[in-house]
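Thanks for coming. I have one structure to go through today, and I will keep to what can be read from the coordinates. Please have the sequence and the model open while I talk.

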Amino acid sequence: MEMLIPLLVGATLIWLIGRGVPWNAKLMTLVVTLAVIVLIVMLERGGYWPQDWRRS
């Protein structure tokens, strides 16, 4: 659930902001955004995220 909510919110925001944008541009934006979110979560769980930036 911790990873699902940010992914869902990010996808929804891109969908709402990208109305009228061609499908290929919208799809590419979704893919890049989701990849960044997954990368950040993986770094945080792997212990590579700076300690000062972590949630308590």
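I will start with Arg-19, which sits in the loop between α1 and α2. Keep in mind that this is a predicted model. Is Arg-19 buried or exposed? Its relative accessibility is 66%, and exposed means over 50%, so Arg-19 counts as exposed. From Arg-19 to Val-41 there are 22 residues along the chain, and their C-alpha atoms are separated by 28 Å.

Now the overall picture. The protein has two helices and zero strands. Its C-alpha trace spans about 40 × 20 × 15 Å along the principal axes. The radius of gyration is 14 Å, whereas a compact globule of 56 residues would have one near 10 Å. How much of the protein is buried? Buried residues account for 14% of the 56. The accessible surface is about 4800 Å², and carbon and sulfur atoms hold 71% of that.

Next, α1. This helix runs over residues 4–17, which is 14 residues. From first C-alpha to last it reaches 20 Å, close to the 20 Å expected at 1.5 Å a residue. Which residues of α1 are buried? They are Leu-7, Gly-10 and Ile-14. Looking down the helix axis, these buried residues fall within an arc of 70°, so they line one face of α1. The general rule behind such a pattern is that an α-helix has 3.6 residues a turn, so residues three or four places apart point the same way. On the face of α1 turned away from the buried side we find the exposed residues Leu-4 and Leu-8.

The buried residues of α2 are Lys-26, Leu-30, Ile-37 and Val-41. Note that a lysine, Lys-26, is on that list. Among what covers the buried residues of α2 is α1.

Thr-33 is partly exposed, since its relative accessible area is 24% and the cut-off for buried is under 20%. A polar atom of the Thr-33 side chain lies 2.8 Å from the backbone oxygen of Thr-29.

Val-41 and Ile-17 are 24 residues apart in sequence, and their C-alpha atoms are 24 Å apart in space. Ile-17 is the last residue in the range of α1.

Finally, the end of α2. Just after this helix comes Gly-47, with a positive phi of about 85°.

I can take questions now.

Terms used
Residues are numbered from 1 along each chain as its sequence is written. This is a predicted model: local features need pLDDT of at least 70, side-chain atom pairs count only at pLDDT 80 or more; totals for chains, interfaces and linings use all residues. Side-chain values use heavy atoms; hydrogens and water are left out. Helices (H or I, at least four residues) and strands (E, at least two) are DSSP runs, numbered from the N terminus. The expected span of a helix is 1.5 Å times one less than its number of residues. Buried means under 20% relative accessible area, exposed over 50%, partly exposed in between (1.4 Å probe, protein chains only). The arc is that of the directions from the helix axis to the C-beta atoms. The radius of gyration is taken over C-alpha atoms; the globule rule is 2.2 Å times the number of residues to the power 0.38. Accessible areas come from the Shrake-Rupley method with a 1.4 Å probe; for residues, only the protein chains shown count as cover. Contact means heavy atoms within 4.5 Å. A polar contact is a pair of N or O atoms within 3.5 Å; within protein, one must be able to donate a hydrogen and the other to accept it, and residues adjacent in sequence count only if both atoms are side-chain atoms.
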